Amino acid sequence: MFQEDQDARYAAMKDLGNWNLRLKIKKIDVRNTEAAKSIVRRMGWPTFAMIGKKASHAFWLIVQHSDLERRFQAKCLGLLKEAVVKKQAHPKDLALLTDRVLVAQGKKQLFGTQFHRKGETLIPQPIRDRKGLEARRKAHGLGSFAANLRKMSLRAKKLGIGRTKR
């Protein structure tokens, strides 16, 4: 599921105007989300002990891309928090899913991981408590926000979008 997700997304990034690739991603996301829901019903969050670190991270990515099922994402956020507390999931994955869920709910993100396009610029979604941002990022294994801005700027440049703004 992970590899199919990533292959389709990388292909779409190389060919931004290809609507068939976007439709393919949507179909993959729907299929992967249904499979992920089935897994969660059977076993809860797939922890390191259950499936290993790499596979647990791959499962997180499937949930992260389950944007058509926001309730499912929110449910998984709670399960992922429990797994992180028990050191059975990656704190970085928790930070990314937290921001994804908050932004989808119309709330400010906590870790500065979610961006959106505004004209020819990528800008971060609104961030709550900017003063505490770096400490939160560090506590969850994320690099600095400045480094994230540089990374997003490079991604934007590759996609021909333009630049990033603080």
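A: Tryptophan 60 has its place in helix H4, where helices (H or I, at least four residues) and strands (E, at least two) are DSSP runs numbered from the N terminus. The model is a predicted one, in which local features need pLDDT of at least 70 and side-chain atom pairs count only at pLDDT 80 or more, while totals for chains, interfaces and linings use all residues. Residues are numbered from 1 along each chain as its sequence is written, and side-chain values use heavy atoms, with hydrogens and water left out.

Tryptophan 60 counts as buried because its relative accessibility is 6%; buried means under 20% relative accessible area, exposed means over 50%, and partly exposed lies in between, with a 1.4 Å probe and protein chains only. The C-alpha atom of tryptophan 60 is separated by 9.5 Å from that of leucine 96, although the two residues are 36 residues apart along the chain.

Tryptophan 60 also belongs to the largest nonpolar core, which has 20 residues; a nonpolar core is a set of buried Ala, Val, Leu, Ile, Met, Phe, Trp, Tyr and Cys residues joined through side-chain atoms within 4.5 Å. The members that touch the most other members are Trp45, Phe59, Trp60, Val63, Cys76, Leu80 and Leu97. At least two residues of this core come from each of helix H2 (19-43), helix H4 (53-64), helix H5 (70-85) and helix H6 (91-104), and H5 gives the most, with 6 residues. In soluble globular proteins, nonpolar side chains tend to be buried together.

The charged pairs come next. Arginine 100 forms a salt bridge with aspartate 67, in which the closest N and O atoms are 2.7 Å apart; a salt bridge here is a side-chain nitrogen of Lys or Arg within 4 Å of a carboxyl oxygen of Asp or Glu. Because arginine 100 lies in helix H6 and aspartate 67 in the loop between H4 and H5, the pair ties together parts that are 33 residues apart in sequence. Arginine 100 is buried, with a relative accessible area of 16%, whereas aspartate 67 is partly exposed at 25%. Aspartate 67 forms a salt bridge with arginine 70 as well, with the closest N and O atoms 3.0 Å apart, and arginine 70 counts as partly exposed at 38% relative accessibility.

The whole structure holds 8 salt bridges, and one of them joins aspartate 29 to arginine 9, with the closest N and O atoms 2.8 Å apart. That pair links distant parts of the chain, since aspartate 29 is in helix H2 and arginine 9 is in helix H1 (residues 2-14), 20 residues apart. Both partners are buried, aspartate 29 at 12% relative accessibility and arginine 9 at 19%, and a network of salt bridges links Asp5, Arg9 and Asp29.

On the surface, Met43, Met50 and Ile51 form a nonpolar patch with about 240 Å² of accessible area together, an area that comes from the Shrake-Rupley method with a 1.4 Å probe, where for residues only the protein chains shown count as cover. Patches are made of residues with over 30% relative accessible area and no salt bridge, with like charges joined within 9 Å and nonpolar side chains (Val, Leu, Ile, Met, Phe, Trp, Tyr) within 5 Å. Methionine 43 is found in helix H2 and counts as partly exposed at 32% relative accessibility.

A patch of positive charge on the surface gathers Lys92, Lys151, Arg155 and Lys158. Lys and Arg count as positive and Asp and Glu as negative, while His and the chain ends are not counted; the place of a charge is taken as NZ of Lys, CZ of Arg, CG of Asp or CD of Glu. Helix H8 (residues 145-159) contributes the largest share of this patch, 3 residues. Lysine 151 is found in that helix and is partly exposed, with a relative accessible area of 47%.

Lysine 87 has a positive phi of about 60 degrees although it is not a glycine, and lysine 87 is exposed, with a relative accessible area of 66%.
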